Amino acid sequence: MESLQPSMCQYNPLQHPNDYCANKSTILLDGISDGKQKRMKCEYCRGRRVTDPDYGNKEKDFGKLAFHMSGFTSGKFRIDDFETLLNMGYTRSGNYFHFRDQVNSCCEVYQYRVDATKFQLNPHQKRVMKRFYKYLLYGKEALQDRPSTAAQIKIKNPQENEYIIKIRQDIVKIISCFKQLEPIAEKVRVYINKKMVCVCSNVIKLIKLTISDEKVHQQIIWEFSKAFGKLEYRVEVADDYLNMYKPLEEMQILFPDEFIESKIDKQIMSGTMTSFFSKQDYEDEEEKKGIDDDDIDEDIQEDLYGQEIPPNEDFKDYTMDKKIYNEKSSNYFTNYVKNYLPFNEEEVKPKHIYTISLHKVKYNDELGNLSRRYEAFVHNRKDINKDFIQSFMCDIPTYNQNDPVESKLPSYPEMVGIDTHRTFDSKGLGVNPGPGTYHMYHRIDGRLAAVGVIDICPNQVFNSAYFLWEPDFRFLNMGTVGAIVELEYMKMLRMKYKRPNLKWYHLGELVTKCKKINYKLNYQPGYILCPRTRKYIQYELVKDKLEQIEKMSIQDKKNQLEYIRLNPDIKVNQPIDLNIDDDMLDYVYNQKFILDGKEQLLISKYITNKTSQLKIINGLIALMKSVGFTSYSNYVLEYKRA
């Protein structure tokens, strides 16, 4: 065992009584879990698997399946050690770091990240940013002409009207053969999907909400395929929508206003536009647009991945301090990002000033008020208090190990109050504050519009941990805007501030069947962490296997998942450091910890209660098995009495 101990013995806390955790990551023994405890009420799958008959029924109570995760709390954690945890599959919530048990849990929660060096805006994201810039330049009045639901949209092209009406009549005729479906006839909508180059209908979604019999679904889909096949449409069903395709040339003849794009739209969508368009040009182009699938699905929540909606009628612009918030401010957003889409090259004076600033993770009343409004509006949490906000948003123990001040600070054992040693500077820390954890403030005319919790890691990872926004700005799709800004900020750091290795935009937990978080798949190219090899694999290569795993019963999954590898390269195995032998386990039993920052004691001798001792030992073993011996042996263990 002697060969295993030097990494701990190099640093003797007793020689530095006031400095025992200087520049070290600490593990609080009284906050460690081995993952054996059952946790109920999973918010991702509601305790049910796809194979369960009532899967997806939101009206039902939570199912009986539980989830498991091991984890630990920390009062101080190096940002480079945290990057290692992210690479190994960990997630952080406040000062709690946890690791999901894929085999025994109700659903499979994977880690997801995006190769930021290859990321490109998709059409929806381009439209969101275009709309956001339009608001900044011209104000909310410029957005009022965009209808928000299918019921408000009138088809302007008589030729298009003729074909759309005919297709809708044919769909209604088919479903009228089934008596149970008669009530949905008036709800059937048919529209042009420009992105998919097809005619689209919500009829499949309506059918599935009315009839649960899968055989009936297949029978009706067959009737649609047969009927529209005679009209030379290729029929497909995707995401519960009926899509009918023809070659582009034929679609251009049937729907010329939709598929013969203007010069402006072509330039914008190809990313080759070099000059911003005028307000009149933009409004003319908006008039020509047809319905998009993002506009007609009223179930899509903007905060996830958004439908476009107009500002609330009672929405009022914020009166800003023009001496602080103006285009010459050091926090003006163009100092932080180079726009994906051209902004104001015609030098129009913007109506609204958008600023970005980075701050140390610190609670203040402005952040607290925004958090309460967001949690109430999005998550229906009405009674959250300051302690909840602080523990989740501010009591984050990660720090820059190269910072001469933070590296010497003691650890903080309390759940609330880790941020007490930090100060809040309203001006911000500048564009490039270095590695660490920060709050990214987004302001419009000085009003706090959104806040992102980000980790700028020292090597390759940029972690987008959490993002919340002001409900009054819901019409701007601030969730999408925030993600695009973070990706572009990464690019700024790579190009201007010599961080060429900053590659991974880490979005954290992903359950592919959960609409609450699968919006992350809109950011591509995406990569999934293989739980077995701990290597990130491109999502497109593994999505079929993910679907197969999701269709397993819980028992089949327990029997097979441990042996299933997502990584297609059979030569790649789990890191050698995760191969834990008996000597390494003995190391845990003989390990010492720091008691109340004063003395060094053996776990086995001080903690005499066998139940408590076993819980701690099992938690430490679970930690070692999940991060590897090398990382584990660099942590300082501590125990603090209440």
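Reply: Start with strand 9 (residues 234-238) and strand 10, which run antiparallel and are joined by five bridges. Strands here are DSSP runs of E with at least two residues, and helices are runs of H or I with at least four, both numbered from the N terminus; two strands count as paired if DSSP finds at least two bridges between them. This is a predicted model, so local features need pLDDT of at least 70 and side-chain atom pairs count only at pLDDT 80 or more, while totals for chains, interfaces and linings use all residues. Residues are numbered from 1 along each chain as its sequence is written, and side-chain values use heavy atoms, leaving out hydrogens and water.

Two residues lie between the strands, and Asp239 takes a positive phi near 50 degrees.

Strand 10 also pairs with strand 8 (residues 198-201), again antiparallel, over four bridges. There, Val199 stands opposite Met244 of strand 10.

For a contrast in setting, hop over to an open sheet of seven strands, in the order 4-5-2-1-21-19-20 with mixed pairing. Strand 4 (91-93) and strand 20 (599-602) stand at its edges with a single partner strand each, so one side of each has no neighbour in the sheet. On average, neighbouring strands of this sheet are turned by 40 degrees against each other, direction ignored. Strand 4 is joined to strand 5 (residues 96-100) by three bridges, running antiparallel, and Ser93 stands opposite Tyr96 in strand 5.

Helix 20 (residues 610-627) packs on this sheet, touching strand 1 (26-33), strand 2 (69-73), strand 5 and strand 21 (636-639); touching means contact, with heavy atoms within 4.5 Å. The direction of helix 20 makes about 115 degrees with that of strand 1, where axes are lines fitted to C-alpha atoms (for helices, over the stretch in contact) and angles run from 0 to 180 degrees between N-to-C directions.
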